[in-house]
Number of protein chains: 2
Amino acid sequence: MRRVGFDELRGRIERVMLGLGMSAERAALSARLTAETDRDGVRTHGIARLPRFAEMVRLGRIDVCAEPHLVAAFGGLERWSGSLDRGVPGPGNLAAYAAMQRAMELASVHGLGAVALGGTSHWMRAGTYGWQAADAGFAAMCWSNTLPNLPPWGASSPALGNNPLVVAIPHAQQPIVLDMAMSQFSYGTLAAYRERGQQLPVPGGYDEQGDLTHDPAAIERSQRALPIGFWKGSGLAFVLDVLAAMLAGGKATHEFDGDPLNEVGQSQIFLAVAPQSLATMSELSRIADGAVAALHAATPIVPGEPARYPGEQTLKTREESLRLGVIVEESAWDNLGRLSSA
Amino acid sequence: MRRVGFDELRGRIERVMLGLGMSAERAALSARLTAETDRDGVRTHGIARLPRFAEMVRLGRIDVCAEPHLVAAFGGLERWSGSLDRGVPGPGNLAAYAAMQRAMELASVHGLGAVALGGTSHWMRAGTYGWQAADAGFAAMCWSNTLPNLPPWGASSPALGNNPLVVAIPHAQQPIVLDMAMSQFSYGTLAAYRERGQQLPVPGGYDEQGDLTHDPAAIERSQRALPIGFWKGSGLAFVLDVLAAMLAGGKATHEFDGDPLNEVGQSQIFLAVAPQSLATMSELSRIADGAVAALHAATPIVPGEPARYPGEQTLKTREESLRLGVIVEESAWDNLGRLSSA
């Protein structure tokens, strides 16, 4: 691990994007979104993903110049395509950012708005689009489907996606942003525990005998990660997939093959709501303040460590990253160096 | 347990509602919604709840004649009150049904629509409003907050509601309807396991020593039921509460006292989306059919028992109830008899 200044990190990512042929404006936005992901401590979905992104560009599976376009519209509801319908999708994070911006424009007119984006590519960090909305004063929900990597409840073969779901609530300088996927632990997190020689803090899946286990390596072998809440997360992953595919007209989870380098065509939903169209910001803030205070007042298991609301830790990590530098893994930093000089 | 004809069950509930002073039209609707809940096998939220409802009417905490009214509107987003703002709320199921109807009307105009309903009372079965929307050809999400009955992750005192969340997808005669609350097991389910002398199939909470347990009685003693996915369900319960309270202007979870007989003022969200405004019903059905087929094709843990989609079992139970009669518990049936002759 090392700490790198935020601007240095962003600049180096920007050079990678320019080197891949992206326009200056888009490279700047893509670099900011990716650097912010590492800044916020979500290291699995920031620069760690860039080698795969660059490889997909090289293979012609992502076109850095392709932009999303409108396919169908009715009032506050729109269907967009990330351009797979024209051959090759553009970068998923730029399409997702544009989709959330458009959903907020629609919400400004209709009170709420939704963009269903199909035919796109991986959006990197899900929470990005929640922070985007909450920072602009909108409540939002968004989610994406993924390739099949999670067995449904009652089955042992992967048929669900570990679909991320985001709920964002504007709240002055402390937005509340939940960013969660449907499995208890991602495979990235399982690998990190295994490499550290640690057991999981709670059961994370099944071993090859079909028993619940805390052992990350056993789950990697069985490929039976646990959906949150067993049958409940399984059901939630399924409905998010079907609803996204229906509204976006993109792929459903079962239409992806298992190869991450082929993972294009995702279906995603971006829903924005304008709460300030119903109440004053001070009334809204008072409600959120009260809920946060009550959460903090719950009796902590560990004395002095109160329960946290979603996003609370992110803001602490962000502040520390901006003050001390962003933590990056040596291997990710080296990869970034290679990509930017390629 | 006994089986009772659906029409007999509905008729008896209707007499209870008429006896409580409800108008004929509203009594018929309330009776249908409640009978359908037992018909669909959700026995915890059908006639089993009527003694408490009748008691709240008797105590003057619910006014059977109060109707929800519009408070604020902007485009496809509306805030309604279940009438607590005028003193006493009306029956929560009737207000919720009206709210989902209104959300669908808004979606017909704007592509999507949302009603935030505050100051209401318990809506009985959450899934009711999902089936209502899906049967009418709309996709929907809805949720309610509740009194605090679930500890947040990292704490031992209840500060979250076991908020139910519904996602509904229209799909010809087989809608996909997810109806799930935020705890792994409700206290009603824990009691049922304890009474049968059974252990839970998966860990359901913590015992008084703070260890995860399959023992329902230990969780009843500790009052530390487990949120689905540990920290994830804890975060989801929190954001659903805050977002509902902000949009509806009703109570947040922390504003309820712990007494179920005082549980009025809930905040609820009803979101409807008109997918047919983006695509033909046959295109939409093809997408859902494909996802269902892929789910059914996953390798089952128990040979011959494929994974099920949310709502699949409900339709089987419904068919059986209509053919053989609705299963009701003797005690609930007796209570209903007493209420209808009161």
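Chain B holds an open sheet of seven strands in the order 2-3-4-12-5-8-9, with mixed pairing. Strands here are DSSP runs of E of at least two residues, helices are runs of H or I of at least four, and both are numbered from the N terminus. Two strands count as paired if DSSP finds at least two bridges between them. Strand 2 and strand 9 of chain B are at the edges with a single partner strand each, so one side of each has no neighbour in the sheet. From one strand to the next, the twist averages 10°. For angles, axes are lines fitted to C-alpha atoms, for helices over the stretch in contact, and the values run from 0 to 180 degrees between N-to-C directions.

Before going on, the ground rules. This is a predicted model, in which local features need pLDDT of at least 70, side-chain atom pairs count only at pLDDT 80 or more, and totals for chains, interfaces and linings use all residues. Residues are numbered from 1 along each chain as its sequence is written, while chains are lettered from A and ligands numbered from 1 in the order in which they are written.

Back to the sheet of chain B. Strand 2 and strand 3 of chain B pair in the antiparallel sense, over five bridges. One place to look is B:His69, whose bridge partner in strand 3 of chain B is B:Ser81. Helix 4 of chain B packs on this sheet and touches strand 3, strand 4, strand 5 (139–144) and strand 12 (264–273) of chain B. The direction of helix 4 makes about 160° with that of strand 4 of chain B. Touching, here and below, means that the C-beta atoms of two residues, placed from the backbone, lie within 7 Å.

Helix 4 of chain B also has a helix beside it. Its axis and that of helix 5 (residues 127–135) of chain B come within 10 Å and cross at roughly 30°. Helix 4 and helix 5 of chain B are therefore roughly parallel; the classes are under 35 degrees for roughly parallel, over 145 for roughly antiparallel, 65 to 115 for roughly perpendicular, and oblique for the rest. The crossing of these two helices of chain B is right-handed. That term applies if the near helix is turned clockwise from the far one by less than a right angle, and left-handed if anticlockwise. Which residues meet? From helix 4 of chain B there are B:Asn93, B:Ala96, B:Tyr97, B:Met100 and B:Met104, and from helix 5 of chain B there are B:Thr128, B:Tyr129, B:Gln132 and B:Ala133. By class, that contact has six nonpolar, three polar and no charged residues. Ala, Val, Leu, Ile, Met, Phe, Trp, Tyr, Cys and Pro are counted as nonpolar, Asp, Glu, Lys and Arg as charged, and the others, Gly among them, as polar.

Now chain A. Its open sheet has seven strands in the order 2-3-4-12-5-8-9, and the pairing is mixed. Strand 4 (residues 112–121) and strand 12 (residues 264–273) of chain A run antiparallel and are joined by eight bridges. Within that pair, A:Leu112 has A:Val273 as its bridge partner in strand 12. Helix 8 (residues 231–248) of chain A lies across strand 3 (77–81), strand 4, strand 5 (139–144), strand 8 (165–169) and strand 12 of chain A. Helix 8 runs at about 90° to strand 12 of chain A.

How do the two chains relate? A rotation of 180° with 0.0 Å of shift along its axis superposes chain B on chain A, with an RMSD of 0.0 Å. The two copies are thus related as by a two-fold rotation axis. The superposition is by least squares on the C-alpha atoms of residues with pLDDT of at least 70 in both copies. B:Gly229 is the residue of chain B that comes closest to the axis, at 2.5 Å for its C-alpha.

The contact takes 66 residues from chain B and 66 residues from chain A. On the chain B side, helix 8 gives the most, with 12 residues. By class, that side has 45 nonpolar, 16 polar and five charged residues. Of the interface residues of chain B, 100% are also interface residues in chain A, so the copies meet through the same surface.

One helix pair spans the two chains. Helix 8 of chain A and helix 9 of chain B pack at about 150°, with axes 9 Å apart. That makes these two helices roughly antiparallel. A:Phe238, A:Asp241, A:Val242, A:Ala245 and A:Met246 in helix 8 of chain A meet B:Leu284, B:Ile287, B:Ala288, B:Ala291 and B:Leu295 in helix 9 of chain B. This contact has nine nonpolar, no polar and one charged residues.
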